[in-house]
Amino acid sequence: MKIGLFGYGKMGKMIENLAVERGHEISARIDVENKEIDFSSFDIAIDFSTPDSAFQNITSCFQHGIPVISGTTGWLENFDKAVSICNQNNTGFIYASNFSLGVNIFFELNAQLARMMAQLEQYNVSMEEIHHTQKVDAPSGTAITLAEGIMANTPYKSWKLDENGEDIVSIHSKREGSVPGTHIIDYSSEVDSIEIKHTAHNRKGFALGAVLAAEWLIGKKGVYTMKDVLNLS
Ligand SMILES: NC(=O)C1=CN([C@@H]2O[C@H](COP(=O)(O)OP(=O)(O)OC[C@H]3O[C@@H](n4cnc5c(N)ncnc54)[C@H](OP(=O)(O)O)[C@@H]3O)[C@@H](O)[C@H]2O)C=CC1
Ligand SMILES: O=C(O)C1=N[C@H](C(=O)O)C[C@H](O)C1
């Protein structure tokens, strides 16, 4: 595959190494706004850019018929618009707040635990996410996906940052050193607690998942998720 990388920061560089190891070519690296982009030089785009630039990056690819893998967080207020533009241009799209295989299993575990806890009113759920100090968005995209997984399976109605309440999934965001990404879900009652935790040891898992998703998407039309890629549906 010829890949266009949108965002050539920590993730872009990690994806480049892994994609080349797997026999792919990086034929464009787009790291700044309004750069002249030769859309004919790549078959698929992988976007790990910034919350402010992701929508523009993704939809300009769709308008040139290029399928996109996006892992950028913090831009999802425009997600439905991006999906429409993908479909109008008859191309392909996978977005994931977290591409690591382990986190995608963790999403399933979270939903299953939420279903079991749904009837137990004595437990309160809360979440903690810990990331490196360069992270610009809070809470993490992964924490939002986890909160949505809880809300879909319990009476919890919304999530809030650092706010407690009966129907609220409370999320606490910590920024420490160079932590790649840790997510902890805690159900606590007066008598005990149940915790599940995912710890990324480095960024390789995110990069591998994104490249696997690109290999899976190439040649397909439509909007998919990592559940489709990993056959978890
Ligand atoms: N879904 C997942 O599995 C994962 C998602 N992420 C998410 O991916 C995103 C990137 O993370 P990370 O690589 O760590 O961040 P970095 O800050 O290291 O990289 C982002 C890069 O995007 C560049 N950029 C700025 N403006 C544009 C633009 N208009 N077009 C293209 N690129 C641009 C930045 O350039 P400059 O520095 O010059 O501004 C920078 O090099 C974040 O949203 C993060 O949350 C991260 C890890 C895993
Ligand atoms: O910015 C990061 O680094 C990460 N961002 C993603 C998120 O917001 O969930 C995924 C991962 O946790 C690393």
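**Ligand first**

I started at ligand 1, where helix 1 (residues 10-21) gives the most to the shell, with three residues. Helices here are DSSP runs of H or I, at least four residues, numbered from the N terminus. I noted that this is a predicted model, where local features need pLDDT of at least 70, side-chain atom pairs count only at pLDDT 80 or more, and totals for chains, interfaces and linings use all residues. Residues are numbered from 1 along each chain as its sequence is written, while chains are lettered from A and ligands numbered from 1 in the order in which they are written.

Which residues come nearest to ligand 1? Of the 25 around it, I found Gly 7, Gly 9, Met 11, Ser 53 and Gly 71; a residue counts as near if its C-beta atom, placed from the backbone, lies within 6 Å.

**Cores**

Next I looked up the largest nonpolar core and found 38 residues. Such a core joins buried Ala, Val, Leu, Ile, Met, Phe, Trp, Tyr and Cys residues through C-beta atoms within 7 Å. Helix 6 (residues 204-217) supplies the largest share of this core, seven residues. A second, separate core has 18 residues, including Met 117 and Val 169.

**Asn 110**

I then turned to Asn 110, in helix 4 (residues 101-117). Is Asn 110 buried or exposed? Asn 110 is buried, because 23 other C-beta atoms lie within 10 Å (buried takes 20 or more, exposed 12 or fewer, partly exposed in between). Its C-alpha atom is separated by 21 Å from that of Glu 190, 80 residues apart along the chain.

Technical notes: Helix = DSSP H or I, 4+ residues; strand = E, 2+ residues; numbered from the N terminus.
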